[in-house]
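Okay, thanks for coming, everyone.

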Amino acid sequence: MSRIGKAPIAIPAGVTVTVSSDNVVTVKGPKGQLEQAVDSDITIAQEDGNVLVQRPSDQKRHRALHGLYRALLNNMVVGVTEGYKTTQELVGVGYRATNTGNTLDLVLGYSHHYVFELPKEIKVTTTADKGKNPTIILESIDKQLLGQVAAKIRSLRAPEPYKGKGIKFAGEVLRRKAGKSASKK
């Protein structure tokens, strides 16, 4: 059995999990509602305040889906109770980030601004304290969507290995390279 797949998902107070006849799982909680379509071979059962994910056989495909759907459902339960938050830093001279509602305006050293329209499920805030790098804080209940948007923002100016300039996640350790060395005479 999959170690991740066989672990039960505890349902906290205030969260309801419903499974429709066509295997669509809906999780409602204090922060919102999320839905996930589950493969028809995987069964979702509720027992004693826990959700159990079960597979029909030990086929490679079933083993893969077993752990996947358990992890996705757990992320949904955590999302509707606590939510997810990602912080990114802009490292570089003149790099700036501002937001108006769900529109993110980035100045990343190019000849033009990047204006990035975020999905309505994501809440964005930007800070620019003196002496510190500008930061972008993204919050959402959907972990998958949050990670995808954060990766897209990072890809606009990925950190380079020599000076570390670019957009990086807070706490991310970058592997740095040495520059050119002087030639020997």
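Let's start with threonine 135: skipping its neighbours within four places in sequence, threonine 135 is in contact with Thr87, Gln88, Glu89, Thr125, Thr126 and Thr127, where contact means heavy atoms within 4.5 Å. Before I go on, this is a predicted model, with pLDDT of at least 70 needed for local features and 80 or more for side-chain atom pairs, while totals for chains, interfaces and linings use all residues. Numbering runs from 1 along each chain as its sequence is written, and side-chain values use heavy atoms, with hydrogens and water left out.

Back to threonine 135, which lies in strand E12, residues 135–140. For the element names, helices (H or I, at least four residues) and strands (E, at least two) are DSSP runs numbered from the N terminus. Is threonine 135 buried or exposed? Threonine 135 counts as buried because its relative accessibility is 14%, and buried is under 20% relative accessible area, exposed over 50%, partly exposed in between, with a 1.4 Å probe on protein chains only. Its side chain also makes a polar contact with the side chain of threonine 127, at 2.2 Å. By polar contact I mean a pair of N or O atoms within 3.5 Å; within protein, one must be able to donate a hydrogen and the other to accept it, and residues adjacent in sequence count only if both atoms are side-chain atoms.

Now the cores. A nonpolar core is a set of buried Ala, Val, Leu, Ile, Met, Phe, Trp, Tyr and Cys residues joined through side-chain atoms within 4.5 Å. The largest one has 20 residues, and Leu90, Leu106, Ile136, Leu138, Val149 and Ile153 touch the most other members. Strand E7 (84–91), strand E9 (103–107), E12 and helix H2 (143–155) are the elements giving two or more residues to this core. Which element gives the most? That's H2, with five residues. There's also a second, separate core of 19 residues, including Val25, Val38, Leu73 and Val80.

On the record side, an unreviewed UniProt entry lists "domain: Large ribosomal subunit protein uL6 alpha-beta" for residues 11–83 and 91–168. In the model, residues 11–83 are 30% helix and 36% strand, with end C-alpha atoms 15 Å apart. For residues 91–168, the figures are 17% helix, 37% strand and 8 Å.

Notes. UniProt positions are given in the numbering used here, feature names are shortened, and annotations may be inferred rather than shown by experiment.
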